[in-house]
Structure formats: structure tokens, C-alpha cells
Amino acid sequence: MSGGAVTLAATDHRSPERYWDDAAVGDSGEGPSVTVTEEMILGYARLTGDFTPVHVDEAYARTTPFGTRVAHGLLGLALADGLKTQADYRFVPGMSMGWTWDFALPIRIGDTVRVRFRVASLRTTKRQGWGIAVMPTELVNQHGEVVQRGEHKVMIPRRPGTY
């Protein structure tokens with residue numbers, strides 16, 4: 001690495017970020033959509049070293065039950081996580097404590113996916129200034145089908161002066 005600064009494009013956030021104290025069980029959010037491209041899949045393969053033929057070899061993929069190349073399952077999770085950071089309901093940046101995640105349907109080149117989630121539980125922590133939210137999350141395609149689903153546990157800062 002060169003050690004130089006990385007410049008990222010600004011994101012158009014539609015609502016202010018929330019502290020843990022601003023959340024309530026039942027709150028929900030939805031992120032923007034993204035269309036999965038061949039370049040995304042090939043880029044993920046290059047990044048991870050996962051060149052499994054069902055992802056990168058169309059001739060091979062046609063012989064599988066999918067009938068065409070499909071995105072890596074973990075690419076779907078990465079998209080869900082990134083789209084959540086652009087959702088209409090967002091938290092002040094905290095720390096991911098982990099995901100449980102299932103692959104329900106394939107994500108194909110040209111599919112447009114979006115993320116939706118809700119706050120299922122909230123609890124304070126022993127660590128002053130932090131709370132934990134558990135959020136069931138779904139990645140949904142352009143047909144309204146849930147292609148991936150799971151749960152995200154996040155440690156989120158509390159509003160200063162409220163603890």
C-alpha cells in the first residue's frame with residue numbers, strides 16, 4: 001500500500017443518523033437498490049480469490065441448476081451491509097458484532113437488489129456509552145423475492161448525556 005489517503009464519493013443520506021437512544025423496537029428501514037453486474041462478480045472473485053466456476057464461467061454455470069452465473073453469496077451479504085449504511089434509517093457508526101446469514105435464492109447478473117431491516121431488540125451494555133441493536137435484515141430482488149436474509153447485531157453509541 002502507498003499509505004496515501006483514500007477519497008470516497010459522498011453519499012446522499014436521506015435522514016440523520018440515530019444514536020442507540022433514538023431507536024425503538026419495531027423501527028424499520030430500507031436502503032437504495034443496486035443492480036448486480038458481471039464486473040461486480042468478477043471484481044469480488046479477484047478480491048477474494050474465489051473463482052468457483054458457477055460465478056465466473058458461463059459455459060459451466062449453464063450446466064448447473066442455476067442455468068447461468070450467479071453472484072457469490074458473500075457478495076450479497078456485502079451489498080446488504082453497504083446498502084444498510086445508505087438507508088433511510090441509519091445509526092451513528094458503531095461496531096458490527098456479527099451476522100447470521102442465509103442464502104435463499106440466487107442473485108443473477110442484472111438482478112436489482114435492495115435491503116430492508118427492522119429493529120427487533122435493544123439492550124444496554126456494561127460498556128458505558130454503548131447499546132446493542134439486533135436487526136433482522138433481508139436482501140430483496142426486483143421481483144420482491146427475498147434472496148438472502150439474516151440478523152445483524154450492532155453496538156451503537158448512546159446519545160451523549162443520556163447514560
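The following dialogue explains how terms are applied to this predicted model.

Visitor: How do you know which parts of the model carry confidence?
Guide: By pLDDT, the predictor's confidence in each residue, from 0 to 100. The protein averages 92, and 91% of the residues score at least 70. Over residues 1–10 pLDDT stays under 50, and the model has zero contacts there beyond four places in sequence, contact meaning heavy atoms within 4.5 Å. Where pLDDT is low, the predicted coordinates should not be read in detail.

Visitor: Why is strand E8 called mostly covered?
Guide: Buried means under 20% relative accessible area, exposed over 50%, and partly exposed in between (1.4 Å probe, protein chains only). In E8, residues 146–157, nine of the twelve residues are buried, so the strand is called mostly covered.

Visitor: What makes E7 and E8 a pair?
Guide: Two strands pair if DSSP finds at least two bridges between them. E7 (residues 130–140) and E8 have eleven, in the antiparallel sense, and therefore qualify. Leu139 has Gln148 in E8 as its bridge partner.

Visitor: Why are the buried residues of helix H1 said to line one face?
Guide: Ile41, Tyr44 and Ala45 are buried in H1. Seen down the helix axis, the buried residues fall within an arc of 100 degrees, so they line one face.

Terms used. Residues are numbered from 1 along each chain as its sequence is written. This is a predicted model: local features need pLDDT of at least 70, side-chain atom pairs count only at pLDDT 80 or more; totals for chains, interfaces and linings use all residues. Side-chain values use heavy atoms; hydrogens and water are left out. Helices (H or I, at least four residues) and strands (E, at least two) are DSSP runs, numbered from the N terminus. The arc is that of the directions from the helix axis to the C-beta atoms.
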